[in-house]
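Subject: The structure, and what was found in it

Hello,

I am handing over the structure that we talked about, and I would ask you to keep it open while you read. My notes come after it.

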Amino acid sequence: VAAAAGVSRATAYRYFGSRSELVSRIVEESLGPVRRFESVATDGRSRLQELFSKTFPRFQEFEPHMRAALQLSLEHAALERAGELHEEPYRRGHRVRILAAAAAPLKREIGTAGFRRLIRALSLIYGIESYVVLKDIWGASNRQVEALARWMADALIVAALKDARPQGRGRDAAGPLRAADASLRGTKLRS
């Protein structure tokens, strides 16, 4: 940011009260359109596919900014747990609302518990984390990251729909999913 503005880092920091505020502003500027995503599609699967199609190119374009936000979030979480955080913590979490809005029509088909499970699962592949794992560990290209994320999203949707059908409620199909849900019950997950 400082280099783009032609000022020193110290000067750039004078305009922001904390690193959290600086990163928040950068992320808002770069990902604002993603946060305001609205689809005209009426079915959840199409809406999620559209969301991934429209936002992954933006994730690619602003990858360095998103990586900085992830790094700051991880750093602050560790410092906060240790009681050593001395600034406003940087919080992320817009993806939960974004994914839930896009997938909303699926809630009727898969029920509240299935919907919650689907959004949690999708949140693992929607964002910078998939870029970090697939690019840094697997050496994937941006195109490969997007293709694999879309494939995983579709597989999760198919699994959620299958699990919601009466024949999918058999012991083998739903048992592990119910156990996963039971283990999360009573656990407050930050969104």
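What follows goes from the whole protein to its aromatic rings, its salt bridges and a few places on its surface.

Please keep in mind that this is a predicted model, in which local features need pLDDT of at least 70 and side-chain atom pairs count only at pLDDT 80 or more, while totals for chains, interfaces and linings use all residues. Residues are numbered from 1 along each chain as its sequence is written, and side-chain values use heavy atoms, with hydrogens and water left out.

The whole protein

The secondary structure consists of 10 helices and 0 strands, where helices (H or I, at least four residues) and strands (E, at least two) are DSSP runs numbered from the N terminus. Of the 191 residues, 38% count as buried; here buried means under 20% relative accessible area, exposed means over 50%, and partly exposed is in between, with a 1.4 Å probe and protein chains only. Among the contacts with a separation of 6 or more, 68% are made by residues 24 or more positions apart, a contact being heavy atoms within 4.5 Å. The accessible surface comes to about 11600 Å², and 55% of it belongs to carbon and sulfur atoms; such areas come from the Shrake-Rupley method with a 1.4 Å probe, and for residues only the protein chains shown count as cover.

The aromatic rings

How many aromatic pairs does a search of the whole structure find? The search finds 6 of them, under the rule that rings of Phe, Tyr and Trp (its six-membered ring) pair if their centres lie within 6.5 Å, with planes under 30 degrees apart counted as stacked, over 60 as edge-to-face and the rest as tilted. The rings of Phe 52 and Tyr 126 have centres 5.3 Å apart and planes at 55°, so this pair is tilted. Because Phe 52 lies in helix α4 (residues 44–61) and Tyr 126 in the loop between α7 (106–123) and α8 (128–137), the pair ties together parts that are 74 residues apart in sequence. Phe 52 and Tyr 126 are both buried.

Tyr 126 also pairs with Phe 59, this time edge-to-face, with 5.1 Å from centre to centre and 65° between the planes. Phe 59 is in helix α4 as well, so this pair ties the helix to the loop between α7 and α8, across 67 residues in sequence. Both Phe 59 and Tyr 126 are buried, and one aromatic cluster is formed by Phe 52, Phe 56, Phe 59, Tyr 126 and Tyr 131.

The salt bridges

The count of salt bridges comes to 12, a salt bridge being a side-chain nitrogen of Lys or Arg within 4 Å of a carboxyl oxygen of Asp or Glu. One of them joins the side chains of Arg 36 and Glu 28 at 3.8 Å, N to O; Arg 36 counts as exposed at 54% relative accessibility, and Glu 28 as partly exposed at 34%.

Another joins Asp 136 and Arg 67 at 2.9 Å, N to O, and this pair links distant parts of the chain, with Asp 136 in helix α8 and Arg 67 in helix α5 (residues 63–81), 69 residues apart. Asp 136 is partly exposed, with a relative accessible area of 48%, and Arg 67 is partly exposed at 25%.

In the salt bridge between Glu 129 and Arg 92, the closest N and O atoms are 2.9 Å apart. Glu 129 lies in helix α8 and Arg 92 in the loop between α5 and α6 (94–103), so the pair ties together parts that are 37 residues apart in sequence. Salt bridges that share partners also join Glu 63, Arg 67, Lys 135 and Asp 136 into one network.

Two further places to look at

Gln 49 lies in helix α4 and is partly exposed, with a relative accessible area of 34%. Leaving aside its neighbours within four places in sequence, Gln 49 is in contact with Arg 150 and Asp 154.

Val 133, Ile 137 and Trp 138 form a nonpolar patch on the surface, with about 380 Å² of accessible area together; patches are made of residues with over 30% relative accessible area and no salt bridge, like charges being joined within 9 Å and nonpolar side chains (Val, Leu, Ile, Met, Phe, Trp, Tyr) within 5 Å. Trp 138 lies in the loop between α8 and α9 (142–164), and at 66% relative accessibility Trp 138 counts as exposed.
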